[in-house]
Amino acid sequence: DEENAFWCLDGLVNRIVPGYFTEGMAKAMEDQRVFSRVVNKIEPELGVHLDALGADNIVSAITSSQWLLTLFVNVLPTRCTFRVWDRVIER
């Protein structure tokens, strides 16, 4: 029902991704920076390429925000998305 859906959303926003949907989206921006650092460490050539496309890691930020803010729902097949969600929620 609608009330249960609301409380699920509340739990997701406030416990799983706190700071993602607040003014300034500080936590989401922090995770975007972490993503950029991970890319630069694991795939340095890709990191250099992405940095060359835009200043201040803007390309990495745009790309990762699409994944992080939707919890991968728009980029992974449904089955994979549910597996990611299961892992995130169980922690």
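Analyst: A contact here means heavy atoms within 4.5 Å. The model is predicted: local features need pLDDT of at least 70, side-chain atom pairs count only at pLDDT 80 or more, and totals for chains, interfaces and linings use all residues. Residues are numbered from 1 along each chain as its sequence is written, and side-chain values use heavy atoms, with hydrogens and water left out.

User: Which pattern does the protein follow, read along the sequence?

Analyst: Helices (H or I, at least four residues) and strands (E, at least two) are DSSP runs, numbered from the N terminus. The protein has 5 helices and 0 strands. Read in sequence order, the pattern is α-α-α-α-α.

User: What share of the 91 residues is made up of buried residues?

Analyst: Buried means under 20% relative accessible area, exposed over 50%, and partly exposed in between (1.4 Å probe, protein chains only). The C-alpha atoms fill a box of roughly 50 × 30 × 20 Å along the principal axes. Of the 91 residues, the buried share is 22%.

User: Which residues make up the largest nonpolar core?

Analyst: Such a core is a set of buried Ala, Val, Leu, Ile, Met, Phe, Trp, Tyr and Cys residues joined through side-chain atoms within 4.5 Å. In soluble globular proteins, nonpolar side chains tend to be buried together. Here the largest core has 6 residues: Ile 16, Val 17, Tyr 20, Ala 28, Leu 68 and Leu 71.

User: Which residues does Ile 16 touch, not counting those up to four places away in sequence?

Analyst: Ile 16 belongs to the largest nonpolar core. Leaving out residues up to four places away, its contacts are Gly 11, Val 88, Ile 89 and Arg 91.

User: Against which helices do the buried residues of helix 4 pack?

Analyst: Helix 4 spans residues 58–68, and its buried residues are Val 59, Ser 60, Ala 61, Ser 64, Ser 65 and Leu 68. These buried residues pack against helix 2 and helix 3 (44–53).

User: Which residues is Gln 32 in contact with, leaving aside neighbours within four places in sequence?

Analyst: Gln 32 sits in helix 2. At 15% relative accessibility, Gln 32 counts as buried. Beyond four places in sequence, Gln 32 contacts Ala 61, Ser 64, Ser 65 and Leu 68.

User: Is Thr 81 buried or exposed?

Analyst: Thr 81 is in helix 5 (residues 78–90). Not counting residues up to four places away, Thr 81 touches Leu 71, Phe 72, Val 73 and Leu 76. Its relative accessibility is 2%, so Thr 81 counts as buried.

User: Which residues are linked in a network of salt bridges?

Analyst: A salt bridge is a side-chain nitrogen of Lys or Arg within 4 Å of a carboxyl oxygen of Asp or Glu. Lys 27 pairs with Glu 30 at 3.7 Å between the closest N and O atoms, and with Asp 31 at 3.8 Å. Lys 27 and Glu 30 both lie in helix 2, 3 residues apart, about one turn of the helix. The network links Lys 27, Glu 30 and Asp 31.

User: What is the N to O value for the salt bridge in which Glu 90 and Arg 87 meet?

Analyst: Glu 90 and Arg 87 are about one helical turn apart, because 3 residues separate them in helix 5. Glu 90 is exposed at 57% relative accessibility, and Arg 87 is exposed at 59%. Their N to O separation is 3.3 Å.

User: How many disulfides does a search of the whole structure find?

Analyst: A disulfide is a pair of cysteine sulfur atoms within 2.5 Å. Cys 8 is exposed at 57% relative accessibility, whereas Cys 80 is partly exposed at 35%. The number of disulfides found is 0.

User: Which residues form a nonpolar patch on the surface?

Analyst: Patches are made of residues with over 30% relative accessible area and no salt bridge; like charges are joined within 9 Å, nonpolar side chains (Val, Leu, Ile, Met, Phe, Trp, Tyr) within 5 Å. Val 38 lies in helix 2 (residues 26–42) and is partly exposed, at 41% relative accessible area. With about 250 Å² of accessible area together, the patch residues are Val 34, Val 38 and Ile 42.

Note on methods. Accessible areas come from the Shrake-Rupley method with a 1.4 Å probe; for residues, only the protein chains shown count as cover.
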